[in-house]
Amino acid sequence: MTTDILRQFKRRPPPEGERCDLCGEPLPAEHRHLVDTSRRSLKCSCPPCHLLFTRPGAGQGRFRAVPDRYLTDPGFVLDEADWNRLQIPVALAFFFRNSELGRLAAFYPSPAGATESELDPATWDAVLGRSELAGLLEPDVEALLLHRGRGGAVTCTLVPVDVCYELVGRMRLHWKGFDGGAEARADIAEFLERITASARPLEHAGSGDDSGSLERTGSARTSGDVESAGKVESAGNAESSGGAP
């Protein structure tokens, strides 16, 4: 019995860091995510668990693997009137299809987290539906990220939904004062540059097959960027029942 007790003290402690929310396997700083459609939250996942839920209907549809594709539509144009119809008070917003609620969801990042903006289907069809990206959008796991530049030009990029909550986490981490401060603005600019570099033009991306998707680089899953993925996901979950991916 004494030997058993000593053996317990000799055991190495489990490695620090995040673990797969399904199987408990230790995870690297950069890893994949699943969407829990019943709880509207993100789950960290190891490669095998992520692969399990890439098939439609796996696990009775509760968990859905977040893809890793970035597409942009160079031909998409949004004028001042169209932007005003979206009723977004800031220069960034993301939109996704919420399958649990059976409707579209629109969010914009703020110092308090992801804030929902009501978006009726008619506005979606008139303003965003004309982009081919809207037809490629996978429910729950992908989003359209809109950014309005200083000159008024708007870019539309299809991104993994966890990237949007990375953006929310960045703002919560760095925002200071009324206008966010220099650090927050620089961090958001770096984030947008990475998204732009990762995105492939729609005309060269085929039909949306995920096999041609680009690898994600330098995401919020690194401990130095933002809070852990669990904290990033909670930033969006507390806003409303539809506030998760």
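In this predicted model, the largest nonpolar core comprises 26 residues, and those with the most contacts inside it are Phe-94, Phe-96, Leu-145, Val-161, Tyr-165, Phe-191 and Ile-195. At least two residues of this core come from each of strand E5 (92-98), strand E6 (103-110), strand E8 (142-148), helix H6 (161-174) and helix H7 (181-198), and of these H6 gives the most, with 7 residues.

Helix H7 was then examined along its length and around its axis. With 18 residues and 1.5 Å a residue, H7 should span 26 Å, and this agrees with the separation of its end C-alpha atoms, which are 26 Å apart. The buried residues of H7 are Gly-181, Ala-184, Asp-187, Ile-188, Phe-191, Leu-192, Arg-194, Ile-195 and Ser-198. Seen down the helix axis, these buried residues fall within an arc of 155°, and therefore they line one face of H7. Such a pattern can be related to helix geometry, because an α-helix has 3.6 residues a turn, so that residues three or four places apart point the same way. On the other side of H7, by contrast, Ala-182, Glu-193, Thr-196 and Ala-197 are exposed. The buried residues of H7 are covered by elements including E5, E8, strand E9 (154-160), H6 and strand E10 (200-201).

Technical notes. Residues are numbered from 1 along each chain as its sequence is written. This is a predicted model: local features need pLDDT of at least 70, side-chain atom pairs count only at pLDDT 80 or more; totals for chains, interfaces and linings use all residues. Side-chain values use heavy atoms; hydrogens and water are left out. A nonpolar core is a set of buried Ala, Val, Leu, Ile, Met, Phe, Trp, Tyr and Cys residues joined through side-chain atoms within 4.5 Å. Buried means under 20% relative accessible area, exposed over 50%, partly exposed in between (1.4 Å probe, protein chains only). Helices (H or I, at least four residues) and strands (E, at least two) are DSSP runs, numbered from the N terminus. The expected span of a helix is 1.5 Å times one less than its number of residues. The arc is that of the directions from the helix axis to the C-beta atoms. Contact means heavy atoms within 4.5 Å.
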